[in-house]
Amino acid sequence: MKKVLSVYLRPYYGRMLIGFIVKFIGTIMDLCLPWILAYMIDTIIPQGKRNLIYLWGLVMLVCSVLALTFNVLANRMASKVARDTTETIRHDLFEKIMWLSNAKTDEFTKPSLISRLTTDTYNVHQMLGRVQRLGVRAPILVVGGILVTLTLDPVLTLVLMSVMPLTAFVTYYFSRKSIPMYHALQKAVDQFVRLLREDIAGIRVIKALSKTDYEKEKYETLNKEVVTLEKKADVTMAVVNPATNLFLNLGIVLVVIAGAYRVHQGYSEVGKILAFLTYFTIILNAMINISKMFVIISKAIASANRIVEIIDVPQEMEQTLCEKLAKDGAYIRFDHVTFSYHAGEPSLSDISFSLQKGETLGIIGATGAGKSTIAALLMRFYDVNEGTISIGGENIRTIPTGRLRELFGVVFQNDTIFEDTIAENVRMGRTLSDDDIRKAVMHAKAKEFVEAAGRGYDNQMNVRGANLSGGQKQRILIARALAAHPDILILDDSSSALDYRTDASLRHELAVHFADTTKLIIAQRISSIMHADHIMVLEDGKIAGYGTHEELLESCGVYREIRDSQM
């Protein structure tokens, strides 16, 4: 929270000061109205001078207009500060999330990151706006109201203040008691949102596996937990308003009794009593608003801490100085690479291989053997635990992340089609011409179905490509990877939904039109990689075989088993 106030709000301190002054003037105008009314009743009306009555009535009208104008202006300024500050926070948070290493993304989890970008930034926005509006106005009304009543009748002011400690105690006690409850509620809501997002994203899988009832039970469990925690917090805070109203009514009774006695004795006047009742209501309502601020601030503090937790994560993938590697002609080199996602058994162990420019490496192995991990390490989504990875003779740790990623065209497992046109899904915001898009679609063997669509390249895709078949989706993703003519092409199980004929045609296109591109093809079936220059067989994170198709058939039992099972 401290960072939000000291860093993100700092550019708006001047604007906030002006807004505070404007709000102060508007609030003072509100406080003047009961005093003017009391003065008119006790002093002006008994004189019977209509001109003075009209004059002071005009003064009340001016004060009312000024109060309205200044308060509206101050509220708009407060809203603008809250909006601009939250926009900056949201921008920095999104930018940091985009640059988080995959290890940190896995640690925080994607649903949690989404929740921080949405729910938590909303809570901070609400706090910044409310504090500038109510947080400034309410204390002024309390302090100003007490000071004005002192000028009217000090004795009645003491009567007024006698019930305020009770109100303050109830507000403070129950607000303080509710803060940890709202913290717990927010965490439960966070888990609830995570489950909801995951269920909506995976709704087809849930239906396909007939797990609707199972997910409903999980949903109901979390839903009941949220309801229970919210009920507990709300019941606790529900004491404040009735208790405050009780003290308000008690105070009004005491003021009326004391005021009636003082009026009867000639120590006070009717107008002052009326003003006191008005000020009493203003002060206690302001105290209720202050108690509400405790809830808003407690939620915002928890949210701000979650946001800052992400923003303050140290950059793990920064460019680092490493010893220069001897250039031996290899374009891509893995040198005794070991990596583990978690402490314990390595996901990859002692992986070494090298590729020349334009060569193709096929990677095959059982599920969980570490095939996709090799691609992730090459693109430096994770840093290796041991060994080195180099591209063009440079350790990838020494290459700026932006320049490193520009070398690649990649299709991941379960890759994403965005809700946009086919052309924009291929272009992905890059400076590619329409001719580049058409050529990429043609090389990916997607031209036939793309141009047959109603609007061709301008045909709109649904979220995650729901209006495409599996093979069509994969070909659009391959076109995206090919469009910028990358130096390195990674295809991670990207042809699993293609028929054998289309798969063979795609391999021909890559061989003819992307001969200078170094390729890593990760596949489950041998037919996709059997013509590669090198084939690496992985088993339990280790190299079980390395060579050409013919060499592996002779030397690698694992490879022969895969071949026999498939062919």
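## T86 in helix α3

In this predicted model, T86 has a relative accessibility of 2% and therefore counts as buried. T86 belongs to helix α3, which covers residues 50-99. Leaving aside residues up to four places away in sequence, the contacts of T86 are with T121, H125 and L128. The C-alpha atom of T86 is also 7.2 Å from that of V124, although 38 residues separate the two along the chain.

Helix α7 (residues 164-201) and helix α11 (residues 270-311) have axes that come within 9 Å and cross at roughly 30°. Angles under 35 degrees count as roughly parallel, and α7 and α11 are therefore described as roughly parallel to each other. Their crossing is right-handed. The residues of the contact between α7 and α11 comprise 10 nonpolar, nine polar and three charged ones. On the α7 side the contact involves M164, T167, A168, T171, S175, S178, I179, Y182, H183, Q186 and D190, and these meet I283, L284, M287, S291, F294, V295, S298, K299, A302, S303 and R306 of α11.

Helix α5 (residues 110-152) packs with helix α6 (residues 154-162) at an angle of about 145°, and their axes are 6 Å apart. Here I146, T149, L150 and L152 of α5 are in contact with P154, T157, L160 and M161 of α6. Sorted by class, this contact of α5 with α6 has six nonpolar and two polar residues, and no charged ones.

## Cysteines C32 and C63

For C32, the nearest cysteine sulfur is that of C63, at 5.2 Å, and C32 is in no disulfide. Seen from C63, the closest cysteine sulfur is in C32, and the separation of 5.2 Å is too far for a bond, because a disulfide requires sulfur atoms within 2.5 Å.

## T360 and strand β3

T360 is part of strand β3, which covers residues 360-365. With a relative accessibility of 12%, T360 counts as buried. When residues up to four places away in sequence are not counted, T360 touches K519, I521, A532, D533 and H534.

## Helix α12 and the residue that follows

Helix α12 (residues 371-378) is mostly covered, with seven of its eight residues buried. The buried residues of α12 are K371, T373, I374, A375, A376, L377 and L378. Just after α12, R380 adopts a positive phi of about 60°.

## Positive phi values in two loops

M428 is a residue other than glycine, yet its phi is positive, near 55°. M428 sits in the loop between α14 (422-427) and α15 (434-443), and at 38% relative accessibility M428 counts as partly exposed.

D493, which is likewise not a glycine, has a positive phi of about 55°. The loop that holds D493 runs between β7 (488-492) and α18 (500-513). D493 has a relative accessible area of 19% and is buried, since the cut-off for burial is under 20%.

Conventions. Residues are numbered from 1 along each chain as its sequence is written. This is a predicted model: local features need pLDDT of at least 70, side-chain atom pairs count only at pLDDT 80 or more; totals for chains, interfaces and linings use all residues. Side-chain values use heavy atoms; hydrogens and water are left out. Axes are lines fitted to C-alpha atoms, for helices over the stretch in contact, and angles run from 0 to 180 degrees between N-to-C directions. Helices (H or I, at least four residues) and strands (E, at least two) are DSSP runs, numbered from the N terminus. Angles under 35 degrees count as roughly parallel, over 145 as roughly antiparallel, 65 to 115 as roughly perpendicular and the rest as oblique. A crossing is left-handed if the near helix is turned anticlockwise from the far one by less than a right angle, and right-handed if clockwise. Contact means heavy atoms within 4.5 Å. Ala, Val, Leu, Ile, Met, Phe, Trp, Tyr, Cys and Pro count as nonpolar, Asp, Glu, Lys and Arg as charged, and the others, Gly among them, as polar. Buried means under 20% relative accessible area, exposed over 50%, partly exposed in between (1.4 Å probe, protein chains only).
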